[in-house]
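Hi,

Here is the structure I promised to pass on to you. My notes on it follow below.

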Amino acid sequence: MSVLPWHLLPDNAAVGESGRLTIAGCDTIELAREFGTPVFVYDEDHLRARCREAVAAFGSDATYATKAFLCRAMANLAAEEGMGLDVASGGELHVCLSAGVPADRLVFHGNNKSLDELRSARSVGVGRIVIDSLDELDRLEALHGGDGLCPRVLLRITPGIKAETHEYITTGQDDSKFGFTVSTGAALAAVEKAAASPAVDLVGLHAHIGSQVFRVDSFAAAVGVLGEFANPLGLPELVVGGGLGVPYVEGEEGASITQWAAIINKAVTEAGITARVGIEPGRAIAAAAAVTLYTVGTVKELPGIRTYLSVDGGMSDNPRPVLYGSGYEAFLPRSVTADRRRPVRIVGKHCESGDLLVREASIQADVVVGDVVATPVTGAYGHSMGSNYNKMRRPPVVFCRNGDARLVVRRETYDDLLNTDLG
Ligand SMILES: *Cc1c(COP(=O)(O)O)cnc(C)c1O
C-alpha cells in the first residue's frame with residue numbers, strides 16, 4: 001500500500017524516461033525486451049562499492065562468500081576489488097580457477113570435503129583450507145606425502161553463540177553440523193592435533209555464526225567469545241565469518257558493511273585480540289545489487305479471496321520464499337515511483353501450489369498481462385540456488401554499468417537441458 005522503498009534498489013537505480021526504472025543507465029523495460037525474462041539485472045558498480053567497503057576495513061582479509069552469487073564475471077570482480085574468495089565445493093573452486101582467480105586468494109570451506117576436493121585444493125595451492133572435522137584432518141594426512149605440500153589451514157569452531165535476526169542466545173548453536181565445539185573441549189583437542197600434524201600448517205581459527213543477522217551486537221558478542229578461546233592459543237589469524245543481514249521488504253533496515261566492520265573491529269580491540277581478523281560477507285555484497293525481471297502471464301481474480309499474478313519464473317530462479325518463507329517486494333518498473341495499491345499474490349509457473357515468489361504483494365493497480373514485474377534484492381541466493389525444476393532453463397545474468405548492459409551468463413537453451421542426458 002505504498003511506493004517502493006527506494007533503498008531496496010541498487011545504488012545506481014534511477015527514474016528514467018516516463019517514470020521507468022533504470023539501473024546504471026540501462027532502461028529495465030528495454031533490458032527485458034533485449035534479454036527476455038526472467039532475467040537477473042545487476043548494478044556492477046553496486047557490487048564493486050560493497051567489495052570496496054569490505055576491503056577498506058579488512059584489506060585482503062575480506063573474503064567474498066561465493067555461494068551467494070557466483071559466475072566468472074563475479075569472481076573476477078571480487079578479486080579485482082581486492083577480496084579473497086570463499087569456495088565450499090569442488091564446483092565453486094572450478095569456477096573461480098577458470099575465471100583466473102589466483103588459487104592463493106581462495107579459502108576452501110565446507111563440512112564434508114571429499115578426498116578429491118581436498119586433493120585439488122592442496123595441489124592447486126588454495127590460500128587456506130578450513131578444516132571442519134577430524135575426519136577431514138585424517139583425509140589431509142592421508143594425502144600428505146612425497147609432494148612436499150603442507151597447506152595452510154584454519155579450524156572451524158562452533159563458539160556456542162546462536163545468532164538470530166532479532167535476538168541472540170548463547171546456547172543452542174552447539175547443535176550444529178559445522179565445526180569443532182568449544183564447550184565440549186572438542187575445539188581445543190582439534191587445535192592440539194592439527195598443530196602437531198606434519199600434514200598441515202595451522203594458522204588460525206574460523207567461525208560463522210549465521211546468516212541474515214540484523215542484530216549487529218550478535219557479532220560483537222561472538223567476537224568476545226572467540227577472543228576468549230583464541231587469545232591463549234596465540235594463532236596469527238581469526239576469521240569471524242559473514243552473515244550481515246540485508247533489508248528485503250518495507251520496514252526492514254540493516255547496517256552497512258562499513259558499520260558492521262566498525263562494530264567487529266571495536267569488539268576485536270575490546271577482546272584484546274591481536275590475531276589478524278577477517279570477515280566473509282556474501283549476501284551483503286550481492287543481494288541488493290540485483291533485481292529480477294519477470295513477465296506477467298496471467299491475472300487470476302478470485303472475488304473475495306485474492307488475485308494471483310503468474311509470472312514466467314518461480315521457485316527455480318528464487319527458492320527462498322519456498323525454503324525460508326522469505327518476503328520480497330514487487331513493483332512495475334514501467335512506473336517505479338507509482339503507488340502500489342493492489343494486493344496480489346505473485347506465483348511462478350511450476351507445477352505446485354507452493355511455488356510462490358511474493359505471498360502478500362502490493363503492486364501498481366493498473367497491472368496487466370504482458371507487464372514486466374520486478375522483485376528487488378534478488379542478487380544473493382537466487383541465481384546460485386536456482387534449479388532446472390520442471391526442466392526450466394536457468395535465466396541469464398546481465399551486468400549494467402554506465403549505460404552498458406553486458407550479458408555475463410546466457411539463458412540456458414533447451415539443448416543445455418540434455419547436456420548430461422545420455423539417452
Ligand atoms: C554462507 C557463509 C558465509 C556468507 O554468509 P552471508 O550471510 O551470505 O554473508 C560466510 N562464511 C561461511 C563459512 C558461510 O558458510
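Rings of Phe, Tyr and Trp (its six-membered ring) pair if their centres lie within 6.5 Å; planes under 30 degrees apart count as stacked, over 60 as edge-to-face and the rest as tilted. A search of the whole structure turns up five aromatic pairs. In one of them, Y42 and F399 have ring centres 5.6 Å apart and planes at 50°, so the pair is tilted. Y42 lies in strand β4 (residues 39–43) and F399 in strand β21 (residues 397–401), so the pair links parts of the chain 357 residues apart. Strands (E, at least two residues) and helices (H or I, at least four) are DSSP runs, numbered from the N terminus.

Before the rest, please keep in mind that this is a predicted model: local features need pLDDT of at least 70, side-chain atom pairs count only at pLDDT 80 or more, and totals for chains, interfaces and linings use all residues. Residues are numbered from 1 along each chain as its sequence is written, and side-chain values use heavy atoms, with hydrogens and water left out.

Now the ligand. 15 residues surround the ligand (a heavy atom within 4 Å), and the closest are K67, S211, E280, R283 and Y381. By type, the shell holds three nonpolar, seven polar (Gly among them) and five charged (Asp, Glu, Lys and Arg) residues. As for polar contacts (N or O atoms within 3.5 Å), a side-chain N or O atom of E280 is 2.6 Å from a ligand nitrogen. Ligand oxygen atoms also lie 2.8 Å from a backbone N or O atom of G243 and 3.0 Å from a polar backbone atom of G282. The protein buries 92% of the 390 Å² that the ligand exposes when taken alone (Shrake-Rupley, 1.4 Å probe).

Two backbone details to finish. T37 and P38 are joined by a cis peptide bond, with omega about -5°; P38 is in the loop between α1 (28–35) and β4. Q212, in the loop between β13 (201–206) and α8 (216–230), has a positive phi near 55° although Q212 is not a glycine.

Best wishes

Note on methods: A polar contact is a pair of N or O atoms within 3.5 Å; within protein, one must be able to donate a hydrogen and the other to accept it, and residues adjacent in sequence count only if both atoms are side-chain atoms.
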